[in-house]
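Subject: Structure for you to look at

Hi,

Here is the structure I promised to pass on. Have a look at it first, and then read on for what turned up.

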Amino acid sequence: MPVIYDMLHQDHEKVKHALTQILDTTDGAEKTREKLFSQVKHDLELHTKFEEEVFYPNFREAKHDQEAKEEVKDALNEHDEAKSMLSEMEKMDKTSDDFVEKVQKLKSALEHHISDEEDEMFPQARKTMSDEDAQAMGDRYQQFKQQH
């Protein structure tokens, strides 16, 4: 039975790996870049939607302090930044240097966001949310992913 923290961590690793794969391709690998980018975009859209609708509200409610509110606010701003980058990247020529630069910027922004979540938010959530809640969210996330 999956626990939400493990599932979100797996998503983080999968997206980082896919972005690294894009950066490791040559300019001629348009189809590979298209496929990897499409997967990254899809994965991030599902991931951010679930965090915004389920995980963050539960975290904020369980911790119920100013720090939790600030952390969620920062995380939401970072989500908006990533969504904006993905939208721009979708329209770009996948063989261009601009696209590769944008992939590097996205990867860097995501690494910062992931570090905030995994090093700060998740440990706090583990202390304030019950194991049952983490398990239930994991189950919900699994169902959510299957529906999308």
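How do α3 and α4 run relative to each other, roughly parallel or roughly antiparallel? One thing to keep in mind as you look: this is a predicted model. The axes of these two helices cross at roughly 160 degrees and come within 10 Å. Anything over 145 degrees counts as roughly antiparallel, and therefore that is the label for α3 and α4. The crossing of α3 over α4 is left-handed. Sorted by class, the residues in the contact of α3 with α4 are 12 nonpolar, 4 polar and 10 charged.

Helix α2 covers residues 30–63 and helix α3 covers residues 66–91. They pack at about 165 degrees, with their axes 10 Å apart, which means that α2 is roughly antiparallel to α3. Here too the crossing is left-handed. On the α2 side the contact includes F37, V40, L44, Y56 and F59, and on the α3 side V72, A75, L76, H79 and L86 are among the residues involved. In total, the contact of α2 with α3 has 11 nonpolar, 2 polar and 10 charged residues.

Then there is α1 with α2. Their axes cross at roughly 155 degrees and come within 10 Å, so α1 is roughly antiparallel to α2. α1 passes α2 in a left-handed crossing. From α1, the contact takes in I4, Y5, L8, V15 and L19, among others, while α2 brings residues including L36, F37, V40, L44, F50 and F55. By class, the contact of α1 with α2 comes to 13 nonpolar, 4 polar and 5 charged residues.

Last, the largest pocket. About 160 Å³ of space lies in it. The lining has 16 residues, and those closest to the centre are L44, H79, A82, L110 and H113. The elements giving two or more residues to the lining are α1 (4–24), α2, α3 and α4 (97–128). Of these, α4 gives the most, with 5 residues. The lining splits into 6 nonpolar, 6 polar and 4 charged residues.

Cheers

Technical notes. Residues numbered from 1 in each chain as written. Predicted model: local features only at pLDDT ≥ 70, side-chain atom pairs only at ≥ 80, totals over all residues. Heavy atoms only, no water. Axes fitted to C-alpha atoms, helices over the stretch in contact; angles between N-to-C directions. Helix = DSSP H or I, 4+ residues; strand = E, 2+ residues; numbered from the N terminus. Parallel < 35°, antiparallel > 145°, perpendicular 65-115°, else oblique. Left-handed = near helix turned anticlockwise from the far one by under 90°. Contact = heavy atoms within 4.5 Å. Nonpolar A, V, L, I, M, F, W, Y, C, P; charged D, E, K, R; others polar. 1 Å grid on protein atoms, 1.4 Å probe; cavity = no way out; pocket = protein on both sides within 12 Å on 5 of 7 lines; lining within 4 Å. Points joined across faces, edges and corners; volume = space filled by probe spheres on them.
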